[in-house]
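This briefing is written for someone meeting the structure for the first time. Please look over the sequence and the model below, and then read on topic by topic.

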Amino acid sequence: MKKTAKNKVALITGITGQDGSFLTEFLLKKGYEVHGIIRRASTFNTSRLAKIYQDPHEKDRKLFLIHGDLADAENIRKIIYTVKPNEIYNLGAQSHVRVSFDIPEYTANVTGLGALRILEAIKDFQDHTGQKIKFYQASSSEMFGASPAPQNETTPLRPQSPYGIAKVFAYNATKLYREAYGIFAVNGILFNHESERRGETFVTRKITRAVARIKAGLDKKLYLGNLDARRDWGYAPEYMEAAWLMMQQPKPDDYVIGTGETHSVREFVELAFKEAGLKDYKKYIGIDPRYYRPAEVQNLVADAAKAGKVLKWKPKTKFADLVKIMVKADANPKKI
Ligand code: NAP
Ligand code: G4F
């Protein structure tokens, strides 16, 4: 029987993250049964799932959370054999570029080897059961590193961080398992995407959160690093739709996803303060060298023509609207 979205099963690593929460909402709306791997923590780490959480005692529930960790191959294998998913979305990662310089080995283990552990388990599962599993790898524009913009699927990968190196490993593993073993494995090469759910230490959210605190009189200054770095910033929920579209194609392939527009960190800061009615942003900004990186990716601009043509995907939210959404959400934290 051909499975429709109504009876498909998805497994998501990184379900508690920004993207994981948006993808889960998207798949549940489509009628999927969704299983997500969460890490055991001493505090609750499921706040982004609060809106859609289903109590284990609920009848006919469609969302299931399982403890696990990408560093634990046996656990990943067991989960895949138990859940028997049709689609796996590997969004789990130590995803902070600056932090990857402090913990490079851990980053390589989780962000790089984590993908390989899943691919190996899929290969065995398919060999033993004959049931196919599609695999999505959350690849990153950080892999392009020092390659000049604009970047597309053919741009050489010149990573500038341990995180970028780990993502290149996972990207290549995904390609290899597709070509060598015929696994339906795709790389979504996503450029920076943000939202009101963005982690608080990534630069956009750090800025919009600080703007709200300064406006409320709780803080006086915001300390940042390199204000001249340029990024192609889009809106996260739209990017998760692109990830799903990649998994619905007749053949597996790799796709760049981004807006094609680039802005500096300085521009983001200026607009965010202006949006909150705080004139002269320079009054509130301090530079702290600790936020500089040993190596930097200077300029990212997506050439997402292939996604436009094949997936019929186009970004909708413009830079100024993204800043507005995030500033507004941080000014009204209860509504996030
Ligand atoms: P995020 O908010 O940092 O979420 C990362 C997720 O990975 C969290 O659920 C986290 O769990 C989980 N995780 C971390 N270490 C893990 C481990 N050892 N085992 C299992 N899970 C683990 O990241 P995001 O922005 O949603 O991004 C999703 C994915 O896309 C990541 O792989 C990221 O590298 C990649 N990506 C992101 C962007 C972007 O601009 N957002 C662009 C390109 C690629 P906890 O909640 O417990 O920490
Ligand atoms: O917000 P960021 O930390 O994002 P970065 O390094 O581009 O990485 C994000 O996007 C990648 C896709 O390209 C993802 F793969 C990755 O998982 C993550 O989601 O930094 C953006 C820029 C950098 O150039 C950084 O040097 O902002 C600059 N920056 C300046 N001051 C700062 C700060 N970044 C942070 N996090 N904190 C600062 O104080």
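This is a predicted model: local features need pLDDT of at least 70, side-chain atom pairs count only at pLDDT 80 or more; totals for chains, interfaces and linings use all residues.

How many Å separate a nitrogen atom of ligand 1 from an N or O atom in the side chain of Tyr106? The distance between that nitrogen atom of ligand 1 and the side-chain N or O atom of Tyr106 is 3.4 Å.

**Ligand 1**

- The shell around ligand 1 is made up of 25 residues, and the closest of them are Thr16, Arg39, Asp69, Ser95 and Tyr163.
- By class, the shell around ligand 1 holds nine nonpolar, eleven polar and five charged residues.
- At least two shell residues come from each of helix 1 (18-30), helix 4 (104-129), strand 5 (134-140) and helix 5 (162-181), and strand 5, with three residues, gives the most to this shell.

**Ligand 2**

- Around ligand 2 there are 23 residues, of which Ser140, Ser141, Tyr163, Arg293 and Glu296 come nearest.
- The shell of ligand 2 divides into nine nonpolar, eight polar and six charged residues.
- From the backbone, an N or O atom of Glu142 lies 3.5 Å from an oxygen atom of ligand 2.
- Taken alone, ligand 2 exposes 720 Å², and 95% of that is buried by the protein.

**Helix 7**

- Helix 7, which covers residues 236-247, has twelve residues and reaches 17 Å from its first C-alpha to its last, a span close to the 16 Å expected at 1.5 Å a residue.
- This helix is mostly covered, since ten of the twelve residues in helix 7 are buried.
- Among the buried residues of helix 7 are Glu238, Tyr239, Trp244 and Leu245, together with the methionines Met240, Met246 and Met247.

**Strands 6 and 11**

- Strand 6 (residues 185-190) and strand 11 run parallel and are joined by four bridges, and within this pairing Ile189 stands opposite Val256 of strand 11.
- Strand 11, residues 254-257, is covered on both faces, with Asp254 and Val256 buried on one side and Tyr255 and Ile257 buried on the other.

- The side chain of Thr154 makes a polar contact of 2.8 Å with the side chain of Asn152.
- Although Thr154 and Val256 are 102 residues apart in sequence, their C-alpha atoms are 9.8 Å apart in space, and Val256 is one of the buried residues of strand 11.

Definitions and conventions
Residues are numbered from 1 along each chain as its sequence is written. Chains are lettered from A and ligands numbered from 1 in the order in which they are written. Side-chain values use heavy atoms; hydrogens and water are left out. A residue is near a molecule or strand if one of its heavy atoms lies within 4 Å of it. A polar contact is a pair of N or O atoms within 3.5 Å; within protein, one must be able to donate a hydrogen and the other to accept it, and residues adjacent in sequence count only if both atoms are side-chain atoms. Ala, Val, Leu, Ile, Met, Phe, Trp, Tyr, Cys and Pro count as nonpolar, Asp, Glu, Lys and Arg as charged, and the others, Gly among them, as polar. The expected span of a helix is 1.5 Å times one less than its number of residues. Buried means under 20% relative accessible area, exposed over 50%, partly exposed in between (1.4 Å probe, protein chains only). Accessible areas come from the Shrake-Rupley method with a 1.4 Å probe; for residues, only the protein chains shown count as cover. Two strands pair if DSSP finds at least two bridges between them.
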